[in-house]
Every structure is written in C-alpha cells, then in structure tokens.
Amino acid sequence: MAVKPYDPENIFAKILRGDIPCSKVFEDDHVLAFNDIAPQAPTHVLVIPKGPYTSYDDFATHASDAEIIAYTRAIGKISAAAGVNEDGYRLIANTREHGRQDVPHLHVHILGGEKLPLMLPKA
Ligand code: 5GP
C-alpha cells in the first residue's frame, strides 16, 4: 500500500496557517510547538516542522539539513524550557496506521511531569 501524500487540510496545517488557534510554547523559522489539546501527562507538548512532512521518515528523507537541525535542536530546547529534563520525559512519534497516527503531519509528543506508564500496554 502506497504512503499517502501530504494532506494540506490536516489540523496541524490549519494551525500553521493560523486558521485555528493553538497554545504556542515555541516557534522559529522551521518549527512550531504547542500544548496538546487533550494532554495525557502534566506536560504534553507537540513539536511540528513547518514544512509539509507526513512522518519522521518523510522528514528524514526530504527535509533540508537546516530543517532537520532546527527540529532536533527545538526538541531539546522545548524539553528544557518545559522543565522536564531533570526528571525525564518521553518522545513519541506515532506513524501511520500501525503507529496509530491521527494527524498526518509529523509531530513529536513530549510527555512528562510525572512518572509515565510503561510503554505499549495492549489496547
Ligand atoms: P497522534 O495520534 O497523531 O500521534 O496525535 C495527535 C495529537 O494531536 C493528539 O494527542 C491530539 O490530542 C492532538 N490534537 C488533535 N487536534 C488538536 C488541535 O486542534 N489542537 C491541539 N493543540 N492538539 C490537537
């Protein structure tokens, strides 16, 4: 089954265009980060590239070096600013159907602020 192309009507594309609001925690030329609308931990931030990438593998293959550096550095800056570095946190990038990705624009979840459940309980 072919990987779907980028859908410019996905909800994070609308946030990037300013069509719907978000609770912004970080922005630079290549990256936007905002609080998840349905947080699953005391800290739950979503970090997205501004470019139209569906997944981490799409991003790693097609993004410029500048975008990849900015995204990686932003995740580090945001975790520090959120105050979760010392006690720790989890990064998650759900990808396509088996990864249960709901929004088809690359996003990394930063989850922390409490001791998280073990990974991968059976759904
Ligand atoms: P996924 O399942 O694709 O990895 O995660 C998508 C995440 O986006 C979910 O945690 C969901 O709560 C969040 N989300 C969906 N719609 C919105 C929205 O309109 N605003 C914000 N801030 N988060 C959203």
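Predicted model: local features only at pLDDT ≥ 70, side-chain atom pairs only at ≥ 80, totals over all residues.

**Entry 1: ligand contacts**

How many Å separate an oxygen atom of the ligand from an N or O atom in the side chain of Asn94? I get 2.9 Å for that pair. This falls under the polar contact heading, meaning a pair of N or O atoms within 3.5 Å; within protein, one must be able to donate a hydrogen and the other to accept it, and residues adjacent in sequence count only if both atoms are side-chain atoms. I then looked at the backbone: a polar backbone atom of Asp102 lies 2.7 Å from an oxygen atom of the ligand. For Arg100, a polar backbone atom is 3.4 Å from a ligand oxygen. On its own the ligand has 530 Å² of accessible area, and the protein covers 84% of this. These areas come from the Shrake-Rupley method with a 1.4 Å probe; for residues, only the protein chains shown count as cover.

Residues are numbered from 1 along each chain as its sequence is written, and side-chain values use heavy atoms, with hydrogens and water left out.

**Entry 2: the shell and the pocket**

I listed what surrounds the ligand and found 16 residues, the closest being Asp36, Asn94, Asp102, His107 and His109. To be near, a residue needs one of its heavy atoms within 4 Å of the molecule. By type, the shell divides into eight nonpolar, five polar and three charged residues. Here Ala, Val, Leu, Ile, Met, Phe, Trp, Tyr, Cys and Pro count as nonpolar, Asp, Glu, Lys and Arg as charged, and the others, Gly among them, as polar.

Which element gives the largest share of the shell? It is α1, with three residues. Both α1 (11-17) and β2 (31-35) supply at least two shell residues each. I am using DSSP runs numbered from the N terminus, with helices (H or I) of at least four residues and strands (E) of at least two.

I also checked the space the ligand takes, and it is the largest pocket. A pocket is an open set of points on a 1 Å grid over the protein atoms alone, where a 1.4 Å probe fits, with protein on both sides within 12 Å along at least five of seven lines. A molecule sits in one if more than half of its atoms lie within 2 Å of its grid points.

**Entry 3: His107**

I came back to His107, one of the closest residues to the ligand. His107 is in the loop between α4 (96-99) and β5 (108-112). Is His107 buried or exposed? It counts as buried because its relative accessible area is 5%, where buried means under 20%, exposed over 50% and partly exposed in between (1.4 Å probe, protein chains only). Its side chain reaches the backbone oxygen of His105 at 2.7 Å.

Most residues other than glycine have a negative phi. I found Arg100 in the loop between α4 and β5, exposed at 61%.

**Entry 4: helix α3 and some distances**

Ser79 is in helix α3 and buried, at 1% relative accessibility. Its side chain makes a polar contact of 2.9 Å with the side chain of Asn85. Lys77 is also in helix α3 (residues 65-81), but counts as partly exposed at 47%. From Lys77 to Phe26 I read 8.9 Å, C-alpha to C-alpha, across 51 residues of sequence.

Tyr6, in the segment before α1, is partly exposed at 22%. Its C-alpha is 7.4 Å from that of His105, 99 residues away along the chain.

Technical notes. 1 Å grid on protein atoms, 1.4 Å probe; cavity = no way out; pocket = protein on both sides within 12 Å on 5 of 7 lines; lining within 4 Å.
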